[in-house]
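Hello,

Here is the structure for your files. My notes follow below it.

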Amino acid sequence: GSSDLLLTKAARLAGVSTIIGELPNLFPYRGVDVDVWVAPSRYVATYSYSAPVVVIPPGIDTDLFRPLPFEEQKKNNVVVVGFVGRVAPEKSINLFVHAASRVKNATFVVIGDGEALESAKSLAGHFGASIEFTGRLQGKELASRLRQFDVVVNPSLRATSETFCIANIEAMSSGVPVVSFGVGGGGEYLQPGYNGLLATSL
């Protein structure tokens, strides 16, 4: 945002030889002057920017996000389906709610916060969907809940809202497969039948 603009201007005035900027989304703040942009995925790198782009996918703490030991894995047959991320319209959260209302033999959990949270709760009530909304979780609490899931669903249909989706990687590292439409950067590491399933239609 504007802080990036101020920082890059200060760096230029200080004589910094090479300024590297991160692309957290597809549209950096106008006027930010860098020598190299770092993108989280090849998808992001396909867009046109003011400087060359290098792709460096983000990493996660694999000691924190790890599968449960076999002896600690649940012994019941209740399937737990999770959504992890920003609860926003562009993340297609309503699609997740609709799916939850039609599947009766599973438990659904939404981890995250955002501008569409209250409308998602309202829609769940309207359709009679039983969904646990935990709010935003981080660190050990997030990792613990992730390990309780049988599958994570990323229902996003809009490529521009999925530059990478680190929540998918956290789930996979936790031994939890991901179901996704594979839009944007999320399709670059999803291997159907290995770490998840690729949805091709609604």
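How many nonpolar, polar and charged residues are in the lining of the largest pocket? By class, this lining has 15 nonpolar, ten polar and seven charged residues. Nonpolar covers Ala, Val, Leu, Ile, Met, Phe, Trp, Tyr, Cys and Pro; charged covers Asp, Glu, Lys and Arg; the others, Gly among them, are polar.

Some ground rules. This is a predicted model, where local features need pLDDT of at least 70, side-chain atom pairs count only at pLDDT 80 or more, and totals for chains, interfaces and linings use all residues. Residues are numbered from 1 along each chain as its sequence is written, and side-chain values use heavy atoms, with hydrogens and water left out.

Largest pocket

The volume is about 820 Å³. A pocket is an open set of points on a 1 Å grid over the protein atoms alone, where a 1.4 Å probe fits, with protein on both sides within 12 Å along at least five of seven lines; lining residues have an atom within 4 Å of a point. Volume is the space filled by probe spheres set on the points, which are joined across faces, edges and corners.

The largest pocket has 32 lining residues, with G85, R86, K91, I166 and A167 nearest its centre. Two or more lining residues come from each of β4 (79-84), α5 (139-146), β7 (151-154) and α6 (166-173). The largest share, four residues, is from α6. Helices (H or I, at least four residues) and strands (E, at least two) are DSSP runs, numbered from the N terminus.

Second largest pocket

This one has a volume of about 420 Å³. It is lined by 18 residues; L95, A99, V153, V179 and F181 are the closest to its centre. α3 (93-102) gives the largest share of the lining, five residues. The classes are 13 nonpolar, four polar and one charged.

Two residues

V110 sits in strand β5 (residues 106-111).

S161 is in the loop between β7 and α6. S161 is also buried, at 14%. A polar atom of its side chain lies 2.8 Å from the backbone oxygen of R158. Outside four places in sequence, S161 touches E90, K91 and S156.

Best wishes

Technical notes
Buried means under 20% relative accessible area, exposed over 50%, partly exposed in between (1.4 Å probe, protein chains only). A polar contact is a pair of N or O atoms within 3.5 Å; within protein, one must be able to donate a hydrogen and the other to accept it, and residues adjacent in sequence count only if both atoms are side-chain atoms. Contact means heavy atoms within 4.5 Å.
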